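Keep the model open beside you as you read.

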Amino acid sequence: MSFEYDTHQYGCPISCKYCVITKVDSRRSLWNKKTIIGINKAVTILNPPPDMDDKEAVAEFYNFPLDLFKGDYVGFNAISDPFWGKYEKELDYFLENVSPLAKLVTCVTKFPISDKTFEKLAKYKNFRLIISITGLDTIEKSDTNSRLLNLQKAKVYGIKTFPICHPYIADMSDLSFLPKLKEIGYDFIDVKGLRYNNENMNEWMPENSQKYYVGTQEKEILPEDGWREKIEQAGLSLKSLKEWYKNDELSPKLDIKEATEKVNKILEYANITSSDTDDAVVQAAIKRRL
């Protein structure tokens with residue numbers, strides 16, 4: 001399904017000023033080719049269409065061969081926030097139909113999550129919740145306190161949850177939330193970098209931050225400017241999201257032949273969205289099904 005992603009028409013409720021889908025040329029070009037599946041070294045992602053009035057795109061979503069997700073780690077909606085109300089029906093469909101096939105199902109969010117939604121998520125024992133907490137309240141329409149509340153509620157509902165700072169922006173990300181993470185019972189965090197587009201980001205990014213990113217040609221950059229020390233001082237440790245997903249013994253496990261067949265088939269539908277090589281993504285996708 002070819003789709004020109006129009007942020008003004010379809011948008012996202014968080015509207016991050018650094019959004020890789022709408023503000024980074026290489027990623028916007030990627031997602032304008034097709035939207036249904038994304039794949040990286042950690043997960044495969046099933047995306048509902050940005051335009052829910054596009055009957056062909058909606059049919060593509062509901063007719064997708066879900067058996068291809070057997071034994072995989074599967075995320076929902078990487079091109080907008082998975083808990084945006086416009087996708088509630090599609091989220092329910094995903095949870096009910098993909099969770100019995102997959103090793104785990106997951107959502108990455110910056111959205112305030114209602115108690116009703118938490119109750120729903122808690123029913124799926126292989127569901128994993130990822131809270132993106134960045135300390136970038138001035139350039140995202142979601143604040144740090146609401147994300148800390150999500151993290152607290154997840155503990156109450158018994159949902160396995162992980163905080164990730166994605167992206168960390170040098171001299172802009174306020175990491176004062178780190179001690180609170182430890183206080184409410186989290187021991188690990190992942191930190192990811194920023195893809196910088198000079199035309200779209202220099203309007204809001206201070207010069208002292210730009211110096212880290214200018215000329216990086218949209219590569220994901222994670223400067224060493226003291227953020228590691230702040231994590232250590234808060235009593236937290238770094239762990240990659242990919243490794244955190246592996247904390248539990250999960251099933252089903254496929255043999256190498258079936259895993260390879262399903263990955264090769266899903267690549268016919270997918271955008272590879274990793275910074276690593278295509279082969280590295282393919283090998284990781286096969287390995288996580290074994």
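Begin with Glu258 and Lys70, which form a salt bridge whose closest N and O atoms are 3.3 Å apart; the term stands for a side-chain nitrogen of Lys or Arg within 4 Å of a carboxyl oxygen of Asp or Glu. Glu258 belongs to helix α11 (residues 256-266) and Lys70 to the loop between α2 (55-62) and β3 (73-76), so the bridge ties together parts that are 188 residues apart in sequence. The helices (H or I, at least four residues) and strands (E, at least two) named here are DSSP runs, numbered from the N terminus. Both partners are partly exposed: Glu258 has a relative accessible area of 24% and Lys70 one of 27%. Here buried means under 20% relative accessible area, exposed means over 50%, and partly exposed is what lies in between, with a 1.4 Å probe and protein chains only.

Before you go further, two notes on how to read all this. The model is predicted, and local features need pLDDT of at least 70, side-chain atom pairs count only at pLDDT 80 or more, and totals for chains, interfaces and linings use all residues. Residues are numbered from 1 along each chain as its sequence is written, and side-chain values use heavy atoms, with hydrogens and water left out.

How many salt bridges does a search of the whole structure find? The search gives 23. Another of them joins Lys120 to Glu88, with the closest N and O atoms 3.9 Å apart. Lys120 sits in helix α4 (residues 115-121) and Glu88 in helix α3 (residues 88-98), so this pair links parts that are 32 residues apart in sequence. Lys120 is buried, at a relative accessible area of 16%, while Glu88 is partly exposed at 37%.

Return now to helix α11, where Lys257 and Glu261 both lie, four residues apart, about one turn of the helix. An α-helix has 3.6 residues a turn, so residues three or four places apart point the same way. The side chains of Lys257 and Glu261 meet in a salt bridge of 2.7 Å, N to O. Lys257 is exposed at 57% relative accessibility, and Glu261 is partly exposed at 45%. Salt bridges that share partners also join Asp67, Lys70, Glu258 and Lys262 into one network.

Next comes the sheet. Nine strands make an open sheet in the order β10-β7-β6-β5-β4-β3-β2-β1-β11, with mixed pairing. The edges are β10 (237-238) and β11 (270-272), each with a single partner strand, so one side of each is left without a neighbour in the sheet. Two strands count as paired if DSSP finds at least two bridges between them. Strand β6 (residues 161-165) and strand β7 (residues 188-191) pair in the parallel sense over two bridges, and Ile164 has Asp190 in β7 as its bridge partner. Strands β3 and β4 are also parallel, over three bridges, with Tyr73 opposite Leu104 in β4.

Strand β4 is mostly covered, with five of its six residues buried. Thr106 lies in this strand and is buried, at 2% relative accessibility. Leaving aside neighbours within four places in sequence, Thr106 is in contact (heavy atoms within 4.5 Å) with residues including Val43, Phe76, Phe94, Phe127 and Tyr245.

Helix α3 lies across β2 (44-46), β3, β4 (104-109) and β5 (127-132). Which residues of α3 are buried? They are Glu90, Leu91, Tyr93, Phe94, Leu95 and Val98. Their cover includes β2, α2, β3, β4, α4 and β5.

Phe127 touches several residues beyond four places away in sequence, among them Phe83, Leu95, Val105 and Leu121.

Technical notes:
Axes fitted to C-alpha atoms, helices over the stretch in contact; angles between N-to-C directions.
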